[in-house]
Amino acid sequence: MTSYALLLAPSANRVYAEAAPRLARAELAAFGRVVDVKDTGGQTLGGVEYLTFDTLDGDLTERDIAHLSNLSAAYALFARVGDLLRPVPLHPLQHFDDDLITIPKYAGKTNEQFTRLLLNITLLASANAPAMLAKRLTVLDPLCGRGTTLNQALMYGYDAIGIELDGKDVDAYSAFLRTYLRRKRLKHTAGTTPVRREKRLVARRFEATLGGGQRVLTFAGDTAQARLFLRPGCADVLVTDLPYGVAHGSRAGGAQSRRPLEVLARAVPVWAELLRPGGALGMSWNTHVAGRELVAEVLTGAGLTVVTGPGYEDMSHWVDQAIERDVLVATQPAV
Ligand SMILES: C[S@@+](CC[C@H](N)C(=O)[O-])C[C@H]1O[C@@H](n2cnc3c(N)ncnc32)[C@H](O)[C@@H]1O
């Protein structure tokens with residue numbers, strides 16, 4: 001057995017305030033699906049608070065470290081040797097520079113660290129968890145705003161699909177991505193085309209293919225009509241942050257975004273169809289507009305199984321006066 005101490009990124013405290021250690025522990029527990037560690041709580045060492053855990057047997061393997069490097073709040077990891085700390089280098093999945101995720105700033109953006117947490121725990125609940133570091137998976141955000149999830153998926157080396165009702169958001173995302181790829185001199189092709197069904201425009205489709213073969217697709221359209229432009233089983237995981245039912249900053253967000261439960265009820269059956277067998281859906285929402293039971297019922301009603309157990313039931317946290325955010329992950333049967 002070896003003991004480890006994980007230093008949380010200062011940004012975790014800014015995002016979650018006093019809930020930061022609890023959320024980091026919940027995420028570590030979810031990583032328990034691929035890495036065998038025992039949470040030993042937290043400890044203050046030299047005046048700094050660390051999250052501590054033990055291996056069950058021997059040191060962390062290279063593969064364990066590769067997984068834990070992606071913890072959304074990880075800043076630095078140390079093996080404990082007596083009362084000394086030995087640094088363990090972290091090497092998170094990083095297919096692009098960090099600024100792919102940090103440059104976009106706008107009202108209504110889902111925090112990038114939280115987006116990574118949501119993507120991680122969803123991947124870990126899916127049948128692809130053991131292959132999450134190796135395979136080029138497909139992540140779908142069916143309410144993608146200006147693309148925080150899509151960029152996080154690209155960072156992991158995955159393909160990304162986004163759907164967003166607000167055409168201005170989709171345009172802002174495609175303009176950002178094109179400029180970013182051009183500025184970084186990354187080989188790519190990109191273009192926008194209309195999607196018509198029976199002579200009616202149902203969505204605008206943007207597609208970018210990157211040098212290494214990674215692909216980003218976005219659709220300006222209604223997520224509940226996604227079957228008009230996406231085929232069943234097109235995504236390995238679906239990760240989304242629901243409208244909060246409150247206006248963000250100066251941006252009212254449109255009538256749709258103030259009715260999150262309606263969006264959910266119309267869209268979840270469609271989202272379930274888009275998920276491959278063995279896939280997982282992870283979502284966050286404001287519990288002031290819908291309780292956990294109600295959201296879980298909508299997911300179960302679409303044939304999905306809500307994930308319970310270590311980590312998955314302990315992620316509710318305060319965002320601001322109008323928002324208490326919770327997280328649910330559900331899986332699609334593997335056959
Ligand atoms: C909380 S925001 C997501 C923000 C996003 N994660 C980001 O960081 O940019 C929810 C989004 O859902 C979109 N939305 C609401 N109803 C929709 C619908 N029926 N179809 C597609 N998008 C919808 C809203 O326009 C809003 O951009």
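In the predicted model, aspartate 320 has isoleucine 323 of strand 15 as its bridge partner. Strand 14 (residues 317-320) pairs with strand 15 (residues 323-331) in the antiparallel sense, over three bridges; two strands count as paired if DSSP finds at least two bridges between them. The two strands form a hairpin, with two residues between them. Strands (E, at least two residues) and helices (H or I, at least four residues) are DSSP runs, numbered from the N terminus.

This is a predicted model, in which local features need pLDDT of at least 70 and side-chain atom pairs count only at pLDDT 80 or more, while totals for chains, interfaces and linings use all residues. Residues are numbered from 1 along each chain as its sequence is written, and side-chain values use heavy atoms, with hydrogens and water left out. The protein chain has a mean pLDDT (the predictor's confidence in each residue, from 0 to 100) of 94, and 96% of its residues reach 70 or more. Over residues 249-257, pLDDT stays under 50, and the model has 13 contacts beyond four places in sequence for this stretch; contact means heavy atoms within 4.5 Å. Where pLDDT is low, the predicted coordinates should not be read in detail.

Five strands make up an open sheet with the order 2-3-1-4-5 and antiparallel pairing. Strand 2 (37-45) and strand 5 (84-88) stand at the edges with a single partner strand each, so one side of each is left without a neighbour in the sheet. On average, neighbouring strands of this sheet are turned by 35° against each other, direction ignored. Strand 4 (residues 74-81) pairs with strand 5 in the antiparallel sense over five bridges, and leucine 77 stands opposite valine 88 of strand 5. Helix 2 lies across strand 1 (3-8), strand 2 and strand 3 (48-55), and runs at about 20° to strand 3.

Two packed helices are described by the angle between their axes and the distance between the axes. Axes are lines fitted to C-alpha atoms, for helices over the stretch in contact, and angles run from 0 to 180 degrees between N-to-C directions. Helix 2 (residues 20-31) packs with helix 5 (residues 112-125) at an angle of about 25°, the axes being 9 Å apart. Helix 2 is therefore roughly parallel to helix 5 (angles under 35 degrees count as roughly parallel, over 145 as roughly antiparallel, 65 to 115 as roughly perpendicular and the rest as oblique). Their crossing is left-handed, a term used if the near helix is turned anticlockwise from the far one by less than a right angle, and right-handed if clockwise. Leu23, Glu27, Ala30 and Phe31 of helix 2 make the contact with Leu117, Asn120, Ile121 and Leu124 of helix 5. Six of these contact residues are nonpolar, one is polar and one is charged. Ala, Val, Leu, Ile, Met, Phe, Trp, Tyr, Cys and Pro count as nonpolar, Asp, Glu, Lys and Arg as charged, and the others, Gly among them, as polar.

Helix 5 also packs with helix 6, at an angle of about 65° and with the axes 10 Å apart. The crossing of helix 5 and helix 6 is right-handed. Glu112, Thr115, Arg116 and Leu119 of helix 5 meet Thr148, Thr149, Gln152 and Ala153 of helix 6; this contact has two nonpolar, four polar and two charged residues.
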